[in-house]
Amino acid sequence: MASQAISLSNSDEPGSDPADSDSLVTSLTADIEKLGLVASSTSTHPTKETAVFLQDICLQHHFIRSRDTSAIVEKPERLRAVNVGLAAAIAHLEEPPAATKVEPEYLLPTASTSDDLAAALGRMNLAAQGIDPLESSSPVSIIKSTASVDMFNHPAVKFIHGDVDVDVYLENLRAWARDSRDKILKGESEIPESLSQGDLYLCPTSVDAIQGAVGTVCEAVDAVMHNATEQRCKRAFVSVRPPGHHCGEDTPAGFCFVNNVAIGAAHAHLQHGIRRVVILDIDLHHGNGTQAIAWQINEETYRKTLETEYSESEAAPPETSGLKIYYGSIHDILSYPCEDGKTELVQAASVSLHGPHGQHIENIHLQPYTSDEHFFDVLYKEQYSKLLKKAGKFIEGSTGKGDDVLVFISCGFDACQHEYPSMSRHGRTVPTSFYHRFTVDACAFADRYAQGRLVSVLEGGYSDRALASGAMAHLCGLVNPGEGKVNEQWWNVENLEKLERATKKRRGGKQSLTPVGASESWLDRALVIFSSLDDGSAQYMAQASSLRPAIPIPPSSMTLRERKKTSVHSLEGSPTSSPPRKRNTPTGKSRKSQSPQKQPRESPPLFATDTPENSSRSSLMENPPSNSDSVALPKKLPRVILRLGPPPDALAP
């Protein structure tokens with residue numbers, strides 16, 4: 001674990017003011033949590049079979065087109081929700097903690113005496129000596145990654161998104177992000193008009209976030225590939241954003257600007273000699289970008305194979321075996337990108353082709369289910385499990401299992417039963433336990449065909465509950481595949497509500513901490529772990545806020561509401577302003593918009609979280625019916641009436 005220097009300042013010197021003890025204890029406890037709960041960092045390697053890779057720089061991709069982000073679902077806060085679920089999973093999976101326990105901040109008494117301060121210093125010294133309760137009892141390594149790539153020169157990125165001569169798309173992407181602030185200040189969109197305005201956005205630091213996401217995926221690939229020789233992890237979960245599976249070679253779409261999983265596969269091929277890759281996509285939406293890239297790679301490999309087989313020259317050098325990809329997806333055929341019913345998109349999302357023309361593609365459509373028993377005993381057993389069976393035939397039909405196989409999961413949680421209703425409005429969802437059971441099956445597949453090597457990369461998932469519950473179930477499957485130590489009641493609604501209350505943010509960005517003795521032991525432990533996983537987000541979120549352009553906002557048309565209802569008579573002859581415009585919030589409730597009635601350019605459509613989409617992911621939000629009785633009145637001074645008494649003479653005796 002990377003060491004961190006702890007400065008005690010001057011507070012421990014003789015003569016220091018005891019009144020400063022409270023702040024000192026708080027500072028020391030923060031250092032304790034940072035030292036004691038991060039299992040690994042980029043300076044060391046994961047030591048457990050399962051590792052989680054986090055990347056805080058991904059928080060720097062944020063929406064700056066408007067100050068109103070209520071309708072934005074692909075946002076930095078998604079990673080916080082994932083961390084909540086990961087912390088809960090680790091807390092449940094841990095063995096009983098070691099005898100030496102580092103107390104979290106909210107369990108520490110207020111340091112009002114020297115004894116309390118000494119106790120806090122003692123706890124800090126335990127952590128400084130390297131005693132790490134998470135490292136000893138947790139079944140997972142936590143990697144706080146700082147990895148990044150230069151995507152304009154990285155071989156794997158250029159393999160997927162580059163051009164033969166000039167990398168046109170990558171250069172355009174850099175220019176769009178670089179100029180985004182200036183474009184928005186001019187009242188223009190930072191996204192070219194030819195691309196979707198509702199599900200794509202950029203800011204000046206988006207390229208940093210994208211490069212950090214790609215670098216972290218490649219780091220996870222390196223870790224699992226070195227497992228056999230250096231005893232690193234076999235399985236990895238990579239929590240990064242923006243997602244990638246809708247992005248093709250040069251076609252950003254659906255919140256995606258580069259294809260993280262495809263780049264990871266290319267990196268494994270170029271750097272580690274992987275020749276067969278299995279990609280299992282469990283996002284609600286079809287990964288049209290990943291399938292298109294896989295098709296192109298398979299087509300090129302097939303062409304080279306045919307040229308080698310039918311070459312007339314016996315002296316022709318044998319072609320090095322190219323990369324082959326099996327792409328399998330379980331998705332809702334009625335949702336994005338197929339919602340408009342476009343022929344080519346619906347057909348692509350329905351392909352089942354194994355062998356001809358060198359293609360290995362399987363698409364399975366989600367169906368409504370009536371109960372958990374119906375889902376697992378009928379749909380999962382008879383239909384969804386075919387995704388892995390077809391993948392097995394792909395491996396067995398191409399020289400069988402070997403050391404050149406790697407498994408990826410494009411892990412989206414937006415098919416979860418707890419996703420926003422607008423996202424799952426077609427009723428094609430899965431129970432949360434799907435993310436545990438499918439992961440167990442995928443790990444068994446990797447054990448059989450790929451020496452256990454599996455890399456899971458975050459894709460979609462937008463509501464906090466869907467992300468937290470899905471991540472919890474998924475990590476439980478990665479850590480204990482088939483060992484029977486997992487209780488699926490861990491992510492029932494009651495426990496999720498407890499977790500949400502305990503980690504709810506208060507004003508100022510801090511979480512709401514549960515008092516001592518008011519929660520269960522797993523919840524106390526989850527809060528400690530979550531504090532460590534999420535400790536870097538506040539810094540990056542503050543930086544993101546400072547980078548938001550100071551977009552000039554015209555005077556608002558809103559006026560303060562009168563404390564009392566204005567009488568009908570006061571309305572006569574009084575000038576009134578037009579009623580303010582309204583828009584939907586993510587909860588479906590209307591509220592007054594603070595934007596002016598007239599703007600030089602209408603804001604592009606945003607993707608509403610709880611509003612049904614008309615035709616696609618980037619459809620316009622429907623405005624609720626306006627209230628014709630809501631009239632903003634100018635503030636009037638009250639009328640003062642003076643009542644005069646009788647003349648003084650009349651009061652004389």
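The place of H357 is in the loop between strand 7 (352–354) and strand 8 (360–365), where helices (H or I, at least four residues) and strands (E, at least two) are DSSP runs, numbered from the N terminus. This is a predicted model, in which local features need pLDDT of at least 70, side-chain atom pairs count only at pLDDT 80 or more, and totals for chains, interfaces and linings use all residues. Residues are numbered from 1 along each chain as its sequence is written, and side-chain values use heavy atoms, with hydrogens and water left out.

**Exercise 1.** Carry out the analysis for T399, asking where T399 is placed and what its phi is.

Solution. Locate T399 in the loop that runs between helix 14 (386–396) and strand 9 (405–411). Next, read its phi, which is near 75°, a positive value in a residue other than glycine. Finally, T399 has 72% relative accessibility and therefore counts as exposed.

**Exercise 2.** Classify the peptide bonds from R241 to P242 and from Y336 to P337, and place each proline.

Solution. For the bond from R241 to P242, omega is near 0°, and the bond is cis; P242 belongs to the loop between strand 4 (235–239) and helix 10 (260–272). For the bond from Y336 to P337, omega is near 5°, and this bond is cis; P337 sits in the loop between strand 6 (324–331) and helix 12 (343–348).

Technical notes:
Buried < 20%, exposed > 50% of the residue type's maximum accessible area, 1.4 Å probe, protein only.
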